[in-house]
Amino acid sequence: MKVLFVGDVVGRPGRRAVAALLPVLKTEHALDLVIVNGENAAGGAGLTAEIAKELRSSGADVVTNGNHVWDQRSFKDEIDGLDFALRPLNLPPNNPGRGWCVSRGALVVNALGRVFMANMDDPFRMIDELLAELGETAPRVRILDWHAEATSEKLAMGWHLDGRFSAVVGSHTHVPTADARVLPHGTALVCDTGMVGPRDSILGMDTATILQRFRTGMPQRFDVAGGPVVFNSVLVDVDEATGRARSIVRVDREFA
Ligand code: FE2
């Protein structure tokens, strides 16, 4: 099974690149499952039902999220109507939406890290509990969008789930890492996939306003940057019989 995980899509430039490149990659790599992180897809912060559907029509089977999940006010009332959109599993239990789904026969989970992030419930324990709850009914192919800041915590989750998930793919930092590999018991791991967003930017945002923030410490309105767009993703090949990853490779493109 060929699974493509696409890093955080930033605003309209990111969505345009997804719409242009994803159908091509789908054919080129005979993709069976496409997961897209959409937590920055609405103007750089959050997601809406309309934009989730737009990503879906561009080829995403599942749209995942992150710490910006509720940045767009409408989304909390919309998410329960979208069976392909996830919010992080380890939010407080009274939050709408859900943290996992089964798509194209694969289990897809979205979870948030806790190091240098808001204090969430324990993602390690919650994923263990989810697997225990699903038991024998859990699909063999299992992909985690692991939305976290610290490489130590990202690696820790990879090792925690080695042999129990097909892939633990990092998101959130918007900066791709060069560590994609398969762990000894068959879990593909990458600390961060990167983003789909403006290249000449700071994490997809306009450099001048972010610099101003760093240099003055004063709050600024962040605008999505313009110009050429980088498209960062990882392609995981999973043995469907065992759930083990055969390989993980970066698929990085640019879009003018
Ligand atoms: Fe994030």
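Helices α4 and α5 are roughly parallel to each other, a label for angles under 35 degrees, while over 145 is roughly antiparallel, 65 to 115 roughly perpendicular and the rest oblique. This is a predicted model, where local features need pLDDT of at least 70, side-chain atom pairs count only at pLDDT 80 or more, and totals for chains, interfaces and linings use all residues. Residues are numbered from 1 along each chain as its sequence is written, and side-chain values use heavy atoms, leaving out hydrogens and water.

Two packed helices are described by the angle between their axes and the distance between the axes. Helix α4 covers residues 123-134 and helix α5 covers residues 151-161. Their angle is about 25°, and their axes lie 11 Å apart. The α4 and α5 crossing is right-handed. Contact (heavy atoms within 4.5 Å) involves Pro123, Phe124, Ile127 and Asp128 of α4. From α5 come Glu153, Ala156, Met157, His160 and Leu161. These contact residues of α4 and α5 split into 6 nonpolar, 1 polar and 2 charged.

Now for the loops. Ala30 is not a glycine, yet has a positive phi. Arg104 also has a positive phi without being a glycine. Ala30 is partly exposed, and Arg104 is exposed. Here, buried means under 20% relative accessible area, exposed over 50%, and partly exposed in between (1.4 Å probe, protein chains only).

| Residue | Phi | Loop between | Relative accessible area |
|---|---|---|---|
| Ala30 | about 50° | α1 (11-28) and β3 (33-37) | 48% |
| Arg104 | about 50° | β5 (100-103) and β6 (106-112) | 57% |

Key
Axes fitted to C-alpha atoms, helices over the stretch in contact; angles between N-to-C directions. Helix = DSSP H or I, 4+ residues; strand = E, 2+ residues; numbered from the N terminus. Left-handed = near helix turned anticlockwise from the far one by under 90°. Nonpolar A, V, L, I, M, F, W, Y, C, P; charged D, E, K, R; others polar.
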